[in-house]
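The sequence and structure are shown first.

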Amino acid sequence: MDTEKCRALLCVLETGSLTAAAEKLGYTPSGVSRMMAALEEEVGFPLLERGRGGVRATTACARLLPVVRDMADAGRRIGEAAAAIRGVEVGSVCVGSAYGAYYAHLAETVAAFSAAHPGIDVQILQGSSSKLCAAIAARELDFGIVSRREGDFDFLPLLRDPMTVWLPEAHPLAKLPAVPIRAFTAEPYIATYPAQNTDNDRILHAHGIEPKTRFATIDDRATAALVRAGLGISMNNGILAEGLDLTGIAVRPLAPETIVEIGAVMPPEAQRSPAAKAFLRTARETGLLG
């Protein structure tokens, strides 16, 4: 199976369009169409189906995608390794952080890496810990700062972070040294990054608690604003408070005490591209990895 055709298939599914994939990859739409036809002939079944939302994978294609991703990733690593042997640095790395507190240090590392390796492109991916870990497993991300998840990747612990509760300063629970987790069964709840398998979701689920969700946001600042306005309480990683304006908000530990391990996630060593290995060396040099 041709690794470039595998890359094209993944791009078609990512963009939902043969035309958009062709533009992104630098091919003509007819060229991408021929590659897809050749792949379908090779595997012996349809890979794509067209719907109102664009092109999507067939059921059979979905079963094949883990191998397709492996092939595309292997092709990328082979190309980068061959270039390195020729004495030319090419390729790309994709990095990200689930926590704004790490943005500045990550940016310093990207700057140092780009200065030392100008021929390697750096892409930034934003998202929750679960999203970034899924991207690592899918070979779409080379390095991320996340809270611990289990999967086919390496995790390097960096920080033990306590879960906290955000409340309006005048809230009666703000008088307590710690807020009991059972409070989320009675108090209006403001969910941050709902339905994304966040640490708060996982902790509530582990305790068998169904919160009274009143509002949901995809931005820490929006959550803080809603709490400040007295619209409810929220559970968040302690590190999310760094750099935020929490005026009018009481931040209390969660009871029972709950610690989340935050660290760097990366593919297993055997699956890291030369560019990714170079980025990790820079991350160590800049102190991003402790």
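Which residues of helix H6 (residues 129-137) are buried?

## Basis of the model

The model is predicted: local features need pLDDT of at least 70 and side-chain atom pairs count only at pLDDT 80 or more, while totals for chains, interfaces and linings use all residues. Residues are numbered from 1 along each chain as its sequence is written, and side-chain values use heavy atoms, with hydrogens and water left out.

## Helix H6 and its cover

The buried residues of H6 are Ser 129, Ser 130, Leu 132, Cys 133, Ala 135 and Ile 136. Here, buried denotes under 20% relative accessible area, exposed over 50%, and partly exposed the range in between, with a 1.4 Å probe and protein chains only. An α-helix has 3.6 residues a turn, so residues three or four places apart point the same way.

The cover over these buried residues includes strands S3 (91-97), S5 (143-147) and S12 (259-266), with contact meaning heavy atoms within 4.5 Å. After H6 comes Arg 139, which has a positive phi near 65°.

## Overall architecture

Nine helices and 12 strands are assigned in the chain; these are DSSP runs numbered from the N terminus (helices: H or I, at least four residues; strands: E, at least two). Along the principal axes, the C-alpha atoms fill a box of roughly 65 × 45 × 30 Å.

Of the 290 residues in the chain, 43% are buried. Among contacts between residues at least 6 apart in sequence, 73% join residues at least 24 apart.

## Aromatic pairs

Three aromatic pairs are present in the structure. The rings of Phe 184 and Tyr 189 form an edge-to-face pair, because their centres are 5.5 Å apart and their planes stand at 90°. By the criterion applied, rings of Phe, Tyr and Trp (its six-membered ring) pair if their centres lie within 6.5 Å; planes under 30 degrees apart count as stacked, over 60 as edge-to-face and the rest as tilted. Phe 184 and Tyr 189 are both buried. One aromatic cluster is formed by Phe 113, Phe 143 and Phe 279.

## Cysteines

The disulfide count is zero, where a disulfide is a pair of cysteine sulfur atoms within 2.5 Å. Cys 11 takes part in no disulfide, and its nearest cysteine sulfur, that of Cys 6, is 13 Å away. Cys 11 counts as buried, at 6% relative accessibility.

Cys 61 is buried, with a relative accessible area of 0%.
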